[in-house]
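Here is a structure to look over. Please read the report below alongside the sequence and the 3D view.

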Amino acid sequence: MVAVTTEVSEKLQALPEAAAVALRMKAEHYFDVIRAMLDIFATKKSLDAIYVTSTIPSTSIINALDVLEIPLDHIWFVDCISQIMMSPGQKHDHAIYVESPTMLENLMLKVEYLIRKTADRKNLVILDSINSLAIHNNTKILSEFLHILVNNLRAKEAYTLIFSMEEYETEEIRNMLNLVSDETLQVEGEG
Amino acid sequence: MAPRERAEPEERERCITGVDGLDNILNGGIPRGNTVLVTGSVGTGKTSLCLEFLVHGAIAGENSLYVSVTENSEKLLANIIPYDFFDRKLIKEGHLVFIDLPVIYEKLGLEKLEFEFEEVNILITAIGNIVDELKIKRLVIDSITSVCYRLKTEENIRDFILKLGSMLSSRGCTSLLVSEISPAEERYSHYGVEEAIADGVVVTGNLERRGDLLRTLQVVKMRGTMHSRAKYVLDLTTVGVLLVPLLKGGSVAAATGG
């Protein structure tokens, strides 16, 4: 599993500034990818990470980061899933909440807000994941959203990483990612 | 015959609102001296937008005045969004001024519930004097609907807004007049007169899309500048009003509140 972390962090470090990247992975590599991104890549580049989650609640990821001993100081969450789950979970200081993953404009607004709040450092914006956003939104609106978001982030010199779980990928999702990403990184998980 | 050269229209000086998204929509800001109607139903962000316009003005060294008609300004200040850029020093130093219109009514002896032509003139002169005395460059009246309520006739309302706009414009003062409309209203102002006379109309509203309620903003009219007429989604935050384009890919079910 260390191999996956090393592989991903090396691939990320080879990226050009402000790249928009589709990160294709198997679900089993999820936490290794997170470690590579947040603990190694963002730290080395002195980036503030804005983690948009529509897959699992931010509290679950925060708990995992705690186990992995990754400090939260420069990690912020836009949580689009906790409120729709109607769970009375604890709110976290480093998380802001969007009512539903269908409110894509509000998601963009929260990312913009966090970029302004962390203006002294460059940003890494992680979209976790295109597959879960595709459950709640049709392809047309999702493509439009990605197009606007990615171009906005590029203008702000932020890196964009879009997670895609291979198990749940469709032809439409692949086309969408090809359209908006500068490149696609495949997490091999070998060696 | 040589083609006649057409003179390029002179670019008007801009009043930068400080709300980045809005300044982009307006191609650099509101043309200075314009009187703009900010209209929408309750809870759509009109007051916050106007306050931010004044705070940015005050920070930029332009004296700014908020005329409160319905709400006590102390109460308003207590509920103001805790903007990261707001400093109470702006009020202490007189760059940001709050005045309650009922206090002015009282001082002017305008205690009647219905104003006639003469009272309209007294009120405009009084506002003009305040603008001169405090060297005001940005003004907000919140709300013009409540003032118009006392004017009763369309003629009086038209006369009031025309004179007010012209008085402020001649002083280089850019003004926002807040107008309250009900969500079902099909026009941009309560009396239907204000929108025709104002130099600009900014509409805030609520848009329901598949059960989600989004706050929106649209510049319908702005004299003196090219501008976008598209609808944007807004968020009221401590870094100010943020705007992003409304996504059109999905099915928009129903629009309410302008």
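## A loop in chain A

In which loop of chain A does Ser129(A) lie? Ser129(A) sits between strand S5 (123-128) and helix H5 (130-136) of chain A. Helices (H or I, at least four residues) and strands (E, at least two) are DSSP runs, numbered from the N terminus. A cis peptide bond with omega of about 5 degrees joins Asp128(A) and Ser129(A).

This is a predicted model, in which local features need pLDDT of at least 70 and side-chain atom pairs count only at pLDDT 80 or more, while totals for chains, interfaces and linings use all residues. Residues are numbered from 1 along each chain as its sequence is written, chains are lettered from A and ligands numbered from 1 in the order in which they are written, and side-chain values use heavy atoms, with hydrogens and water left out.

## Other backbone features

Chain B also has a cis peptide bond. It joins Asp142(B) and Ser143(B), with omega at about 10 degrees. Ser143(B) lies in the loop between strand S6 (136-142) and helix H7 (144-148) of chain B.

Ala18(A) is not a glycine, yet it has a positive phi of about 55 degrees. Its place is the loop between helix H1 (2-13) and strand S1 (20-25) of chain A. Most residues other than glycine have a negative phi, and most peptide bonds are trans.

## Helix pair in chain A

Helix H4 (104-117) and helix H6 (139-155) belong to chain A. The axes of H4(A) and H6(A) come within 10 Å and cross at roughly 15 degrees. Axes are lines fitted to C-alpha atoms, for helices over the stretch in contact, and angles run from 0 to 180 degrees between N-to-C directions. H4(A) and H6(A) are therefore roughly parallel to each other. Angles under 35 degrees count as roughly parallel, over 145 as roughly antiparallel, 65 to 115 as roughly perpendicular and the rest as oblique. The crossing is right-handed (the near helix is turned clockwise from the far one by less than a right angle).

Leu104(A), Leu107(A), Met108(A), Val111(A) and Ile115(A) are the H4(A) side of the contact. They meet Ile141(A), Leu142(A), Phe145(A), Ile148(A), Leu149(A) and Leu153(A) in H6(A). Contact means heavy atoms within 4.5 Å. The residues of this contact divide into 11 nonpolar, no polar and no charged. Here Ala, Val, Leu, Ile, Met, Phe, Trp, Tyr, Cys and Pro count as nonpolar, Asp, Glu, Lys and Arg as charged, and the others, Gly among them, as polar.

## Helix pair in chain B

Helix H5 (residues 101-108) and helix H6 (residues 117-133) of chain B pack at about 115 degrees, with their axes 11 Å apart. H5(B) and H6(B) are therefore roughly perpendicular to each other. H5(B) passes H6(B) in a right-handed crossing.

From H5(B), Leu101(B), Ile104(B), Tyr105(B) and Leu108(B) meet Ile122(B), Leu123(B), Ala126(B) and Ile130(B) in H6(B). This contact has eight nonpolar, no polar and no charged residues.

## Cavities

The whole structure holds two cavities of 30 Å³ or more. On a 1 Å grid over the protein atoms alone, a cavity is a set of points where a 1.4 Å probe fits but cannot get out, and a pocket is an open set with protein on both sides within 12 Å along at least five of seven lines; lining residues have an atom within 4 Å of a point. Grid points are joined across faces, edges and corners, and a volume is the space filled by probe spheres set on the points.

The largest cavity has about 70 Å³ of space. Its lining includes Met108(A), Glu112(A), Asn152(A), Lys156(A) and Val244(B). H4(A) gives the largest share, four residues. By class, the lining has six nonpolar, one polar and two charged residues. The second largest cavity has about 40 Å³. Leu22(B), Ile30(B) and Met222(B) are among its lining residues, and the lining has eight nonpolar, no polar and no charged residues.

The largest pocket has about 340 Å³ of space. Of its 16 lining residues, the closest to its centre are Asn152(A), Gly21(B), Asn24(B), Leu243(B) and Val244(B). S11(B) gives the most to this lining, with five residues.

The second largest pocket has about 260 Å³. Closest to its centre are Val42(B), Gly43(B), Lys46(B), Thr47(B) and Asp142(B). H2(B) gives the most to its lining, with three residues.
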